[in-house]
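Have the model open beside you as you read.

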Amino acid sequence: MNVLGTSPAGAGAAGTGGEIIKDSSEATFVADVIETSREVPVIVDFWAPWCGPCRQIGPALEQAVKAQKGKVRLVKVDVDQNQRIAAQLRVQSIPAVFAFFEGQPVDGFMGAVPPSEINAFVKRLVDMAGGGGIDEALEQAEQMLVEGAAADAAQVFAAVLGEEPNHARALAGLVRAELAVGNVEQARQTLAAAPAEIAGDPALAAARAAIELAEQTRETGEAGELRARLEADPDDHQARFDLALALIAEGEREAAVDALLELFRRDREWNGGAAREQLFKLFESFGPKDPVTLKGRRRLSSMIFN
């Protein structure tokens, strides 16, 4: 089988990309994928010439793999001509994409996905293998969190911890990723398992604050109901405070900060200075470099000193 002649547009990279992108068969699959993945991550693209969605992801996969300049390989398998391999990996529909590292499948997806997700998938695999460096991997994971891809971020943070179990930033990131998918109990257990030598790290203090915040927002009312209460009585400080917590629970971080700042403006001493105390908790949980933290701190300072 020659993918160069039959595969979706763009698959000709198999002829120009050397061993980075290649075809495989039942006879060579073990060498092409299992053995090669012990040296470098390997992505396997199960496709067929008649598969429309395969024509969408094929070029994007090849482009993403080529961009990594040898840090990851792409192997293409025509399911019509290699049915035994597809059956062994339980491929029931195509396109189906699997990632192998150290001889084992470690990630994958099925169906057509946007190029941005393909790029993130390939980059995540490279980072998992240490090809992009730990700092770069953590930056990528942080960006995944910002973009809402918490599960993907958790995989990267966990991969870093597999290399460096005492990496405070990675552990804190894993906690925040677990919180982002609503798994408060798992986040608490992850933090509790932190090695003693990094327990006092500022990154873990921020993660601890994030857990406390998640627990605090569990019993909040609906934001719509709280807004209605404020429309009826703008001086209902408890409603405004509860609204901030409800907004945090909904992921509306900046709106939550706005609500607390407005409460502080109206009555900075209400409930023992609860608005300012809650703002500090938010800033700690967001992290000192977060744009919402930086903007919120500036506004709070302006109110305090004016």
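How many residues in the lining of the second largest pocket are nonpolar, how many polar and how many charged? The lining has six nonpolar, five polar and five charged residues. Here Ala, Val, Leu, Ile, Met, Phe, Trp, Tyr, Cys and Pro count as nonpolar, Asp, Glu, Lys and Arg as charged, and the others, Gly among them, as polar.

## Ground rules

This is a predicted model, where local features need pLDDT of at least 70, side-chain atom pairs count only at pLDDT 80 or more, and totals for chains, interfaces and linings use all residues. Residues are numbered from 1 along each chain as its sequence is written, and side-chain values use heavy atoms, with hydrogens and water left out.

## The two pockets

A pocket is an open set of points on a 1 Å grid over the protein atoms alone, where a 1.4 Å probe fits, with protein on both sides within 12 Å along at least five of seven lines; a cavity is a set from which the probe cannot get out, and lining residues have an atom within 4 Å of a point. Points are joined across faces, edges and corners, and a volume is the space filled by probe spheres set on them.

The second largest pocket comes to about 310 Å³. Of its 16 lining residues, S116, E117, A120, R124 and D152 lie nearest the centre. β5 (104-110), α6 (115-128) and α7 each give two or more residues to that lining, and α6 has the largest share, with six. Helices (H or I, at least four residues) and strands (E, at least two) are DSSP runs, numbered from the N terminus.

The largest pocket has a volume of about 1500 Å³. It is lined by 40 residues, with R176, R253, S285, F286 and D290 nearest its centre. By class, that's 20 nonpolar, eight polar and 12 charged. α11 makes the largest share of this lining, seven residues.

## A closed space

## Nonpolar cores

A nonpolar core is a set of buried Ala, Val, Leu, Ile, Met, Phe, Trp, Tyr and Cys residues joined through side-chain atoms within 4.5 Å. Buried means under 20% relative accessible area, exposed over 50%, and partly exposed in between (1.4 Å probe, protein chains only). The largest core has 30 residues, and F157, V175, L179 and L204 have the most contacts inside it. α9 gives the most to this core, eight residues.

Take V175: leaving aside neighbours within four places in sequence, it is in contact (heavy atoms within 4.5 Å) with A187, T190, L191, A207 and I211. Another core lies apart, with 28 residues, L226, A256, A259 and W270 among them.

## Helix α4 and what follows

Helix α4 (residues 52-67) has 16 residues and spans 24 Å from first C-alpha to last, close to the expected 22 Å, which is 1.5 Å times one less than the number of residues. Its buried residues include C54, I57, L61 and V65.

Q68 sits in the loop between α4 and β3 (73-78). Is Q68 buried or exposed? Q68 is buried, because its relative accessible area is 14%. Not counting residues up to four places away in sequence, Q68 touches V122, K123 and V126. Also just after α4, K69 takes a positive phi of about 50 degrees.
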